[in-house]
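Subject: Structure handover, salt bridges

Hi,

Here is the structure we talked about. My notes on its salt bridges follow below.

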Amino acid sequence: MRLFFGIPVSEEVRAFYLETLKPQLEAEFIGKFVETENLHITMLFLGEVEKVDFLNEVKENLKAITHFQVTVGGYGYFGRPPRVLFMDVTRGIDDLTVVHDAICRSMKIRDTRFAPHVTLARIKKSPRDIDAVLELMPHKEFSWLVPSVVLYESKLTSKGPIYTVFEEIPLKAL
C-alpha cells in the first residue's frame, strides 16, 4: 500500500479552488492540477508500506494533541524552474509541526524537511514571471479547526492518484 498522513482542507477551500482558483491557474500554467477532493496538507509521506503495525503508536502519540486552527492563504512554489505550485499555510504551523513530529517519533523516522502547504498543481510549464502571475491570483485566507489526522491510501492511476481514507485518528477535543 502507498500511504501518507494528511489533514484534509475545509469545504470552503475546496469550493474556492474549484470555482475560482483552478480555472485561473489553468489559464496561466501547464501541468497536472490536483483533483478538488484530493486537497490536503501532507503531514508525512510514507510511500510503499506492507504492514501498518505503527498505527497504534501513532494513535497513542496523537491522542494528547488538542484540536487546533490552521489557516491557508497566499501562494508559493517549489523548484527552479517551478515544479510544484501550492497554497501556503499562514497560521497553525507550530501545531502542524507538533503533529508531524509526533507521527515521526511514532514511526522512528527523522524528517527535517517538513514544510506544510496545500499542493495545487505539478507544473510542466509556468509563465516567465511566475511571481507576478501569483500576485494577480485572488488572495483569500481560510481557517478551519483540525479535529483529526488522516492516514490516506494513494492508488496511482493513469488519470492521477485516488486517495481513500485508511484510518482517521481523532485529536483531543478542546
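Glu167 is partly exposed, with a relative accessible area of 24%. Keep in mind that this is a predicted model. Glu167 forms a salt bridge with Lys59. Their closest N and O atoms are 2.8 Å apart. Glu167 sits in strand S9 (residues 162-170) and Lys59 in helix H2 (residues 55-62), so this contact ties together parts 108 residues apart in sequence. Lys59 has a relative accessibility of 29%, so Lys59 too falls between the 20% and 50% cut-offs and counts as partly exposed.

Next, Glu141 and Arg91. These two form a salt bridge, with 3.0 Å between the closest N and O atoms. The pair links distant parts of the chain, 50 residues apart. Glu141 is in the loop between helix H4 (130-136) and strand S7 (142-146). Arg91 belongs to strand S5 (residues 84-91). Glu141 is partly exposed at 44% relative accessible area. Arg91 is partly exposed as well, at 46%.

Then there is Glu35 with Lys32. This is also a salt bridge, and the closest N and O atoms are 3.4 Å apart. Glu35 has 31% relative accessibility and counts as partly exposed. Lys32 is partly exposed too, at 33%.

How many salt bridges does a search of the whole structure find? The count is 6. The pairs above are among them.

Best wishes

How values were computed:
Residues are numbered from 1 along each chain as its sequence is written. This is a predicted model: local features need pLDDT of at least 70, side-chain atom pairs count only at pLDDT 80 or more; totals for chains, interfaces and linings use all residues. Side-chain values use heavy atoms; hydrogens and water are left out. A salt bridge is a side-chain nitrogen of Lys or Arg within 4 Å of a carboxyl oxygen of Asp or Glu. Buried means under 20% relative accessible area, exposed over 50%, partly exposed in between (1.4 Å probe, protein chains only). Helices (H or I, at least four residues) and strands (E, at least two) are DSSP runs, numbered from the N terminus.
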